[in-house]
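Have the viewer open as you read.

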Amino acid sequence: MISKNLQRAREYETECGSRISPDCRPGFHLTPHVGWMNDPNGFSYFDGKYHMFYQYYPYNSKWGPMHWGHAVSEDMLHWEYLPAALAPDEAFDNVGCFSGSAVDMGDGRHLIIYTGVTRVLPEGMSECNAYTEKTDGVVNNRTDGLLDYDWRDKQVQCIAIGDGVEYSKYSGNPVIGANLLPTGGSERDFRDPKIWRTSDGGYNCIVGNRPEDGSGQILLFTSADGYKWQFKSILARNEGRYGTMWECPDFFMLDGKWVLLTSPCDMKAEGLEYIDGNGTLCLIGEYDEGAGEFTEECAQSIEYGIDFYAPQTVVTPDGRRVMIGWMQNWKTLDIKGANEPWFGQMTIPREISVKNGRLYQWPAREIEKLRRDRTDYKNVIVSGQLSLEGICGRNADIEMTLKPVEGEALYNSFELRFACGGGVQGAVENEQYTSLVYSPSEGIMTIDRSHSGVRDDILNRRSCKVRSGGEITLRIILDKYSAEIFVNGGEQAMSVTMYTKSSADGIAFIADGKAAVDVMYYRL
Ligand code: FRU
């Protein structure tokens, strides 16, 4: 039985989604069927396809009561929309179906685990103005007369079982509630379960939570069948080091190490490594499976661009660990106008690996099948600004090697400008562009979209530490409204969205001093 809320969302997305012209979407990045998208959810391989669900509010291009949108793909680049999978429609999730994950149960069933959110009054607060209303089986906590902040979110973990298209919420939900929290664990910040299968056929699941100190912790739960869960341990503790609440965790073994990914709220910048605000964190270390404890050895930011948050990973049938993130950040939401038919997109799929205690990312090899019209340049000496014939466009895969010129002084900086043009009445001073600037003596790479036609001067620039010395490789994936940059074989990745007019398709190479460049360019 499909609930009224889900039915309504499906009718709305079918009607309004079909009115969005494919021309105003990126070519191979997933965008919401209609309306708002945030975190990737339930990224999994099931029944011969990759499934991607996402935090979804179909009725507006702003965040609202969370549904789960759904799309499937064979290559993680061409996505087909399926009907919305979940709507807030039960007593345990009537404020929203927050982030979660999915796993193949191995018997034709696909298991979704997500956070159900409801609103309650804090203990001791008068309920005289609050009441619960039930209409068509949908429970609504009415807040008439009470201020919004009087209410507290209550978060629990719920499951839904499906066949890849239709999902039924389990009548015994929630499967992980406050009764399974360790002492001091907050029931208000208890979300984003990530599930995986264990070698004995059982299930493990980690969930983000806030302990009494107000920072973050990751809790581990175990289950034999996916329905009945026990608390196992506190897998990892923030202890006030990296932001506060740790959202959207993922945990897996990769190249002989254990990797914990999470997206902390309220991070503080540490040099160029982390930023102030919603950041990302990758901890690499060892895992004691018996005790359920993770020991950190190295820490880094997952991403160094402007728009990235809440990534999830999947293992491909041929054994690669692939990550997709929300190519947006809570701190940069105002970049696109409010009345757009869609907002939010996912990154490209990225193969990840661990080398020498560092997380590497590289565009999944599937993207190479999209490459067309190769253009090569070898050892071009750039001094001042130049453009190269055949190298332009907003959908491209560009590989570059930069070197100092033999016998010449080290160049001062190198800049790649893309999405250039579109100036008002062609005036050069009004031209838009986004730029990537490398300073070889300091070893700093900066992405800057201040001149990309953004509507508000919010966060438009970010720098990160890369190798110094002037020899560097870059791979840049452009897809109309975004650029994803991979430095030195994926030691750093930087994502940025830009809503520059699509007519702005110039690419320019600029050096202060003399730099030698090899370029391999494909249209995508
Ligand atoms: C992260 C997040 C999650 C939550 C979801 C709500 O971006 O805040 O913690 O489940 O978004 O949409």
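Which residues form a negative surface patch?

## The negative patch

Asp200, Asp288, Glu289 and Glu293 make up that patch. Keep in mind that we're looking at a predicted model. Asp200 sits in the loop between strand E11 (190–197) and strand E12 (203–209), and with a relative accessible area of 67% it is exposed.

## The overall fold

The chain has 33 strands and one helix. Its C-alpha trace spans about 75 × 50 × 45 Å along the principal axes. For 524 residues, a compact globule would have a radius of gyration near 24 Å, and the chain agrees with its 24 Å. Buried residues account for 60% of the chain.

## Salt bridges

There are 30 salt bridges in the structure. One of them pairs Arg210 with Asp189 at 3.0 Å, N to O. Arg210 is in the loop between E12 and strand E13 (217–223), and Asp189 is in the loop between strand E10 (167–169) and E11, so the pair ties together parts 21 residues apart in sequence. Arg210 is partly exposed at 23% relative accessibility, while Asp189, at 16%, counts as buried.

Another joins Lys194 and Asp250 at 3.3 Å, N to O. Lys194 belongs to strand E11 and Asp250 to strand E15 (residues 246–254), so this bridge links parts 56 residues apart in sequence. Both Lys194 and Asp250 are buried.

Then there's Asp376 with Arg374, whose closest N and O atoms are 2.6 Å apart. Asp376 is partly exposed at 41% relative accessibility, and Arg374 is partly exposed at 48%. Elsewhere, a network of salt bridges links Asp318, Arg320, Glu351, Arg365 and Glu366.

Technical notes: Residues numbered from 1 in each chain as written. Predicted model: local features only at pLDDT ≥ 70, side-chain atom pairs only at ≥ 80, totals over all residues. Heavy atoms only, no water. Patch = residues over 30% accessible without salt bridge, like charges linked within 9 Å, V, L, I, M, F, W, Y side chains within 5 Å. Areas by Shrake-Rupley, 256 points an atom, 1.4 Å probe, with all protein chains shown as cover. Salt bridge = Lys/Arg side-chain N within 4 Å of Asp/Glu carboxyl O. Lys, Arg positive; Asp, Glu negative; His and termini not counted. Charge placed at Lys NZ, Arg CZ, Asp CG, Glu CD. Helix = DSSP H or I, 4+ residues; strand = E, 2+ residues; numbered from the N terminus. Buried < 20%, exposed > 50% of the residue type's maximum accessible area, 1.4 Å probe, protein only. Rg over C-alpha atoms; globule rule 2.2 N^0.38 Å.
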